[in-house]
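Dear colleague,

I am passing on the structure we spoke of, and my notes on it follow below. Please read them with the coordinates open.

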Amino acid sequence: MSVIALINQKGGCAKSTTAVHLAYWLYRKRHSVVLVDADAQRSSSIWLESLEDPVPYAVAQTSGQLMAEIPKLLEQYDQLIIDGPAGLSEATKAIVLRSDLAVIPCQPTGVDLRSAADAIQLIQQAQAIRNGAPKAAVFLSRAVKGTRLKDEAIAQLQSLKLPILKTVIHQRQAVADTFGQAATVWDLLGKASGEAADEFEQLFQEIVALT
Ligand SMILES: Nc1ncnc2c1ncn2[C@@H]1O[C@H](COP(=O)(O)OP(=O)(O)OP(=O)(O)O)[C@@H](O)[C@H]1O
Ligand SMILES: [Mg+2]
């Protein structure tokens, strides 16, 4: 049993995109998995509901709801993927307190790296009271190929004292198109979606290996 949460106070860093793709990837491998949508925008649950092969999901947004729902869902499912809200709210704190693994997507910009540092601080506070849990890792998301920003971001992330996943998820229109097309990258045709699917596969192998 494992609870994997995607968190970062910064909006738009790909928490929902990653959570939906990870839940779908596990579901297609016949894992017993449910996505917990903790964001008031409800984008990940709306997205999952729109898929041809809908992945189970639950909505829990307040810290109270999350504290109550997560243990109940763990009685029914082996794996929980939590799509965290933007901001470091009480809900995010509850998520960090109930997760086995917190994954922080981070875009390669100065503002995003600053936000990642805040999320890491929150995780470290939880680790201090939970005997080292949750495990945590950060990965670079929405990186533009060939830019110096990406290389600089990798160097800066290395100073954050948190494992950095090797896989970098690149910015691709095919990924941006998935929500609107009621699909995931595995459902879309074309070279770009195939490349995005390969990156997600590699990232998720790394994430699962940490649980
Ligand atoms: N690899 C990618 N390439 C291109 N676009 C992407 C990629 N990943 C995410 N996006 C797009 O970036 C936007 C933000 O992504 P997403 O909604 O997953 O972020 P989020 O962290 O969940 O944001 P919020 O904090 O607002 O919930 C969306 O329009 C999404 O389609
Ligand atoms: Mg989101």
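In strand 5, Ala102 is the bridge partner of Ala5. Please bear in mind throughout that this is a predicted model.

The pairing of Ala5 with Ala102 belongs to a parallel arrangement in which strand 1 is joined to strand 5, residues 101-106, by 3 bridges. Strand 1 is also joined to strand 4, residues 79-83, by 5 bridges, and these two strands likewise run parallel; here Ile4 stands opposite Ile81 of strand 4. Strand 1 itself covers residues 2-6, and because 4 of its 5 residues are buried, it is largely enclosed by the rest of the structure.

Turning to the protein as a whole, there are 8 helices and 6 strands, and their order along the sequence is β-α-β-α-β-α-β-α-β-α-β-α-α-α. Of the 211 residues, 41% count as buried. Among the contacts with a separation of 6 or more, 72% are accounted for by residues 24 or more positions apart.

As to overall dimensions, the C-alpha trace spans about 45 × 40 × 30 Å along its principal axes. The radius of gyration is 16 Å, which agrees with the value near 17 Å that a compact globule of 211 residues would have.

With best regards

Methods:
Residues are numbered from 1 along each chain as its sequence is written. Chains are lettered from A and ligands numbered from 1 in the order in which they are written. This is a predicted model: local features need pLDDT of at least 70, side-chain atom pairs count only at pLDDT 80 or more; totals for chains, interfaces and linings use all residues. The radius of gyration is taken over C-alpha atoms; the globule rule is 2.2 Å times the number of residues to the power 0.38. A residue is buried if 20 or more other C-beta atoms lie within 10 Å of its own, exposed if 12 or fewer, and partly exposed in between; C-beta atoms are placed from the backbone. Two residues are in contact if their C-beta atoms, placed from the backbone, lie within 7 Å. Two strands pair if DSSP finds at least two bridges between them.
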